[in-house]
Amino acid sequence: DEGQRIALANEVTRFSLSRILHGEQGALSLSASLCHVLYDPGAQEYAANQAREEARHVTAFSRYVGARWGTPLPVGATLGSLMNELVLAPEVYKKLIGMQMLIEGLAMGAFAMLYSHARDPLLVKLTQLVMTDEAFHHKFGKIWADRTIPKLSEEEQNIIEDWAASCFQTLLFNLVNPEQKKILYGEFGLEWQQVQAEMIEAISDEKRREDMKESTNIFRVLIKTLLKAGIITERTKAFYAVYVDMDELKGEGDRMVGDDIAEDGIRYL
């Protein structure tokens with residue numbers, strides 16, 4: 001009934017904001033670890049400052065989730081596994097591409113969607129203020145990629161490109177999979193397998209392509225992030241072209257979704 005639908009929608013929102021909180025916690029841990037692996041003192045300073053900002057985000061979302069629901073929900077298996085891989089990875093490229101570009105790209109898309117559609121004014125302002133930090137984190141990843149990837153061997157570039165494609169595929173098919181949210185469905189008399197079967201029937205590749213025409217779609221933001229950083233080349237272009245018009249994306253310029261929102265936030269501050 002209507003009351004159950006509202007309750008389920010609020011629990012799904014709780015799950016989404018809990019996922020953001022877990023992402024911010026992972027970003028805090030990873031930023032701190034970068035201070036030990038980056039050589040350039042300026043880059044070390046940047047990583048230390050990002051750790052401070054991520055701690056601020058963790059505090060903000062912890063307080064918001066606490067005020068609305070009391071406690072966050074556990075991290076989903078897909079995001080949890082990826083975050084653990086990134087934080088513990090000895091390879092710098094996994095840390096910087098995985099966090100600064102993939103996870104921060106997801107975050108910018110999610111924040112832009114919340115800013116545009118959330119009905120709680122406090123959540124809208126919270127996401128905007130967090131975006132004023134995240135926009136710079138995202139750009140740091142691109143700066144690193146612009147300066148580093150062209151100097152790598154073709155074999156090294158291919159390894160990075162293939163790893164990024166694999167991460168994207170994992171996130172696309174698993175991040176919003178009902179199995180990740182199975183903790184929610186029992187109290188509403190639903191089996192997650194039933195929800196998953198109905199979603200598979202309802203959401204075709206054509207539907208995914210249509211959804212990815214929206215500028216705030218988190219997966220469109222991810223593809224654009226990788227493309228603009230030179231991590232999508234002719235080798236892997238066809239893989240992503242199943243979901244978006246790559247020529248259209250290439251012609252959009254370097255500005256990312258959320259840049260305008262973040263700049264408005266900076267003016268507000």
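Eight aromatic pairs are counted in this predicted model, where rings of Phe, Tyr and Trp (for Trp, its six-membered ring) pair if their centres lie within 6.5 Å, with planes under 30 degrees apart counted as stacked, over 60 as edge-to-face and the rest as tilted. Because the model is predicted, local features need pLDDT of at least 70 and side-chain atom pairs count only at pLDDT 80 or more, whereas totals for chains, interfaces and linings use all residues. Residues are numbered from 1 along each chain as its sequence is written, and side-chain values use heavy atoms, with hydrogens and water left out.

**Aromatic pairs and a charge over a ring**

- Tyr 93 and Trp 163 form an edge-to-face pair, at 5.7 Å centre to centre and with 85° between the planes.
- Tyr 93 belongs to helix 4 and Trp 163 to helix 6, so this pair ties together parts that are 70 residues apart in sequence; helices here are DSSP runs (H or I, at least four residues), numbered from the N terminus.
- Tyr 93 and Trp 163 are both buried, where buried means under 20% relative accessible area, exposed means over 50%, and partly exposed is in between (1.4 Å probe, protein chains only).
- The pair of Phe 239 and Tyr 240 is edge-to-face because the ring centres are 4.9 Å apart and the planes stand at 80°.
- Phe 239 counts as partly exposed, at 27% relative accessibility, whereas Tyr 240 is buried, with a relative accessible area of 0%.
- Ring pairs link Phe 239 and Tyr 240 with Phe 168 and Phe 219 into a cluster.
- Lys 125 lies over the face of Tyr 268, at 3.8 Å from the ring centre; for a charge to sit over a ring, NZ of Lys or CZ of Arg must be within 6 Å of the ring centre and within 35 degrees of the ring normal.

**Helix 10 and its cover**

- Helix 10 (residues 218-228) is mostly covered, with eleven of its eleven residues buried.
- The buried residues of helix 10 include Phe 219, and also the charged residues Arg 220, Lys 224 and Lys 228.
- Among the elements that cover the buried residues of helix 10 are helix 4, helix 5, helix 6, helix 11 (237-241) and helix 12 (246-250).
- Helix 10 is followed by Gly 230, which has a positive phi, near 75°.

- Lys 95 has its place in helix 4 and, at 3% relative accessibility, counts as buried.
- Leaving aside neighbours within four places in sequence, Lys 95 is in contact (heavy atoms within 4.5 Å) with residues including Leu 30, Ser 33, Leu 34, Leu 88 and Gln 100.
- The C-alpha atoms of Lys 95 and Ser 33 are separated by 9.2 Å, although the two residues are 62 residues apart along the chain.
- Leu 88 lies in helix 3 and, at 68% relative accessibility, counts as exposed.
- Leu 88 and Ser 33 are 55 residues apart in sequence and 8.9 Å apart in space, C-alpha to C-alpha.

**Pocket and cavity**

- The second largest pocket has a volume of about 490 Å³; on a 1 Å grid over the protein atoms alone, a pocket is an open set of points with protein on both sides within 12 Å along at least five of seven lines, a cavity is a set where a 1.4 Å probe fits but cannot get out, and lining residues have an atom within 4 Å of a point.
- Grid points are joined across faces, edges and corners, and a volume is the space filled by probe spheres set on the points.
- The lining of the second largest pocket has 17 residues, of which Leu 38, Val 92, Trp 144, Arg 147 and Thr 148 lie nearest its centre.
- Helix 4 (92-117), helix 5 (121-148) and helix 6 (154-174) each supply at least two residues of this lining, and helix 5 gives the most, with five residues.
- The residues of this lining divide into twelve nonpolar, one polar and four charged, where Ala, Val, Leu, Ile, Met, Phe, Trp, Tyr, Cys and Pro count as nonpolar, Asp, Glu, Lys and Arg as charged, and the others, Gly among them, as polar.
- One cavity of 30 Å³ or more is counted, and about 30 Å³ of space lies in the largest cavity.
- The largest cavity is lined by Phe 15, Arg 19, Gly 76, Thr 78, Leu 79, Leu 175 and Gln 180, with helix 1 (2-37) and helix 3 (77-88) as the elements that give two or more residues.
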